[in-house]
Amino acid sequence: MIDASASERIEAVRAAIAGAAKIAGRQPAAVTLVAVSKTQPVEAIVPLIAAGQRDFGENRVQEARDKWPALKAAHPGLRLHLVGQLQSNKAEEAVRLFDAIHSLDRESLVAALGRAMAKTGRRPDCFVQVNIGEEPQKGGCAIAELPALLDRCREAEIPVAGLMCIPPAEVEAAPYFALLAKLARRHDVTGLSMGMSADYESAVMLGATHVRVGTALFGIRR
Ligand SMILES: *Cc1c(COP(=O)(O)O)cnc(C)c1O
């Protein structure tokens with residue numbers, strides 16, 4: 001049975017994505033909604049699966065390992081995205097668990113992921129995370145380091161699906177989304193993982209191919 005509030009929330013988010021895509025002259029189907037289920041229990045996730053949601057995001061390998069193997073076995077066709085920082089020593093487990101990794105941000109991780117992909121035969125889509133606001137405390141490679149990091153990815157045959165960013169909090173995100181889109185064009189990568197609950201419509205208007213939405217789908221995190 002479909003939980004009414006979960007299905008209402010997901011319909012509202014889908015409608016907002018479609019509206020933003022229309023304004024930008026884009027197809028809504030070109031935008032993948034990643035439901036970020038970090039800290040949410042399985043009981044909160046199942047209603048979204050029942051409402052047709054297929055892409056989910058977690059920010060910790062350990063939490064994903066606890067929640068997702070059983071859900072994936074019960075619901076074939078789900079795709080799991082890692083949206084949080086990844087330690088190199090967890091690269092192999094991440095490659096086994098996740099279908100996409102949105103936080104590739106340094107050369108040591110390129111090497112670790114390359115080894116993990118060779119060993120497991122799995123090749124999750126990777127997004128190179130850019131520290132778009134040049135904030136010292138944030139993950140992501142510096143804008144100036146992006147060309148070299150993309151070169152390393154190509155050498156290691158990492159499947160680069162696009163770029164990802166988390167703009168600075170409390171300020172208008174659109175200029176940062178526009179900058180990420182420009183960097184993607186300059187480096188010939190197609191995917192753009194950008195936009196969260198507060199700003200995903202703006203991200204879609206500026207070309208997001210993947211929006212990562214938690215609170216707007218699940219309510220406030222416990
Ligand atoms: C938690 C998280 C999100 C979702 O944030 P909301 O504001 O709840 O939509 C998106 N991206 C990343 C990297 C996150 O850690």
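Mentor: Before we start, helices (H or I, at least four residues) and strands (E, at least two) are DSSP runs, numbered from the N terminus. This is a predicted model, where local features need pLDDT of at least 70, side-chain atom pairs count only at pLDDT 80 or more, and totals for chains, interfaces and linings use all residues. Residues are numbered from 1 along each chain as its sequence is written, and side-chain values use heavy atoms, with hydrogens and water left out.

Trainee: How many helices and strands are there in the chain?

Mentor: Go by the DSSP runs I just described. Counted that way, the chain has 8 strands, and its helices number 9.

Trainee: Why does the chain count as being as compact as a globular protein of that length?

Mentor: We use the radius of gyration, taken over C-alpha atoms, and a globule rule of 2.2 Å times the number of residues to the power 0.38. For 222 residues the rule gives 17 Å, and the chain is close to that, so it is as compact as a globular protein of that length, with a radius of gyration of 17 Å.

Trainee: What percentage of the residues of the chain count as buried?

Mentor: Buried means under 20% relative accessible area, exposed over 50%, and partly exposed in between (1.4 Å probe, protein chains only). Out of 222 residues, the buried share is 51%.

Trainee: Is Glu58 buried or exposed?

Mentor: Glu58 sits in strand E2, residues 55-58. Contact means heavy atoms within 4.5 Å, and beyond its neighbours within four places in sequence, Glu58 touches residues including Lys38, Lys67, Trp68, His81 and Phe98. The C-alpha atoms of Glu58 and Trp68 are 9.5 Å apart. Because its relative accessibility is 0%, Glu58 counts as buried.

Trainee: What is the relative accessible area of His75?

Mentor: Look in the loop between helix H3 (61-74) and strand E3 (79-82), where His75 lies. Its C-alpha atom is 23 Å from that of Cys126, 51 residues away along the chain. His75 is partly exposed, and its relative accessible area is 26%.
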